[in-house]
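Morning, everyone. Please have the structure open on your screens. I'll keep this short.

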Amino acid sequence: MISFEIFQFAFMQRALITGTAVAIICSVIGLFLVLRRQSLFGDAMSHVAFGGIALGIFLNLYPIWTAFIVSVLAALGITKLKESTKIPSDSAIAILLSSGLALGVVLISLSQGFSLDLFSFLFGSILLVGFQDEITVLALSIAIISIICLLYKKLMYITFNEEQAKVSGLDVSKLNYLFIILAGITVITSIRLVGVLLISSLLVIPNITAMMFGRGFKKTAIISTIIAVCSVEVGIIFSYIWNIAPGGTIVIVSIIIFLIIMPAKFVFRLLSRKNYTMKDSIRKI
């Protein structure tokens with residue numbers, strides 16, 4: 001049984017509010033990444049963030065800021081490399097992923113091993129989010145959603161037909177850079193929730209699940225957001241009750257939702273097909 005007393009705790013309220021904000025921006029940014037066939041970009045960015053966090057700990061600076069700077073610069077650099085050369089998108093992402101991980105490992109060895117702070121960034125520590133972190137996450141989330149809403153049609157155009165968008169006069173290069181920056185901010189913002197190792201799951205799984213419904217972009221975005229928010233809220237609550245890692249719990253909940261919807265969708269399609277066949281037969285009679 002879930003005791004409603006847990007919602008009276010300030011740290012739980014901060015965790016749920018912050019988690020909801022992160023879930024929304026991850027589902028929105030993640031949908032564009034999935035449609036662009038860049039699902040692994042979030043994973044690559046998280047590994048680069050790992051290198052940035054390790055750099056911050058090594059230099060005795062606030063790790064989130066160093067992770068943000070390193071991630072954005074790396075993302076912009078790899079985007080420029082992809083545009084100026086013929087390197088495929090997946091290969092560029094692989095370069096980004098391996099370089100970030102390598103940087104993190106080297107800096108950890110120079111820092112003489114793991115620290116408690118590094119572990120919290122690797123696996124998430126949403127229940128330890130402070131008031132200042134909550135305000136920062138909410139402000140960044142509002143900014144990201146506002147920009148996406150303003151540039152919604154242009155980003156859609158580029159996502160589904162980049163070549164035609166160039167011909168129509170859109171500055172595709174600048175829009176791609178802007179989107180990459182937004183994706184980098186989203187990844188860094190999500191670190192406190194699920195940790196470096198599980199960020200890509202929160203970006204991808206809710207969107208893959210929502211796309212199984214076969215709806216349009218807006219409906220898919222709404223469904224994805226609902227799934228992401230439910231996964232986060234349920235994951236945080238049960239992680240506190242069972243005293244287990246919140247990041248892993250959130251991802252497991254999202255996977256369970258995926259595993260429930262996948263066969264349910266198949267059965268629904270099968271029943272719909274049978275129903276259509278029966279109606280067709282009756283019409284012929």
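Start with two helices, H10 and H11. H10 passes H11 in a right-handed crossing. Keep in mind that this is a predicted model. H10 covers residues 199-211. H11 covers residues 217-242.

How do we describe such a pair? Two packed helices are described by the angle between their axes and the distance between the axes. For H10 and H11, the angle is about 130° and the axes are 8 Å apart. That makes H10 oblique to H11. Why oblique? Because an angle over 145 degrees would be needed for roughly antiparallel, and 65 to 115 would be roughly perpendicular.

Now a second pair. Find H3, residues 63-84, and H9, residues 172-194. These two pack at an angle of about 150°, with their axes 9 Å apart. Roughly antiparallel starts over 145 degrees. So H3 and H9 are roughly antiparallel to each other. The crossing of H3 past H9 is right-handed.

Step back to the whole protein. How many helices and strands are there? The count is 12 helices and zero strands. The protein has 285 residues, and 46% of them count as buried.

Next, the loops. Look at Asn60. Asn60 sits between helix H2, residues 41-58, and helix H3. Its phi is near 60°, which is a positive value in a residue other than glycine. Is Asn60 buried or exposed? Asn60 is exposed, because its relative accessible area is 71% and the cut-off for exposed is over 50%.

Now go to Asn243. This residue lies in the loop between H11 and helix H12, residues 246-284. Asn243 is not a glycine, yet its phi is positive, about 60°. Asn243 is exposed, with a relative accessible area of 72%.

Last stop, the surface. Which residues make the nonpolar patch of about 470 Å²? They are Phe9, Tyr240, Ile241, Trp242 and Ile244. Pick out Ile241.

To finish, turn the model until you see H11. Then find Asn243 in the loop between H11 and H12. Thanks, that's me done.

Note on methods:
Residues are numbered from 1 along each chain as its sequence is written. This is a predicted model: local features need pLDDT of at least 70, side-chain atom pairs count only at pLDDT 80 or more; totals for chains, interfaces and linings use all residues. Side-chain values use heavy atoms; hydrogens and water are left out. Patches are made of residues with over 30% relative accessible area and no salt bridge: like charges are joined within 9 Å, nonpolar side chains (Val, Leu, Ile, Met, Phe, Trp, Tyr) within 5 Å. Accessible areas come from the Shrake-Rupley method with a 1.4 Å probe; for residues, only the protein chains shown count as cover. A salt bridge is a side-chain nitrogen of Lys or Arg within 4 Å of a carboxyl oxygen of Asp or Glu. Helices (H or I, at least four residues) and strands (E, at least two) are DSSP runs, numbered from the N terminus. Axes are lines fitted to C-alpha atoms, for helices over the stretch in contact, and angles run from 0 to 180 degrees between N-to-C directions. Angles under 35 degrees count as roughly parallel, over 145 as roughly antiparallel, 65 to 115 as roughly perpendicular and the rest as oblique. A crossing is left-handed if the near helix is turned anticlockwise from the far one by less than a right angle, and right-handed if clockwise. Buried means under 20% relative accessible area, exposed over 50%, partly exposed in between (1.4 Å probe, protein chains only).
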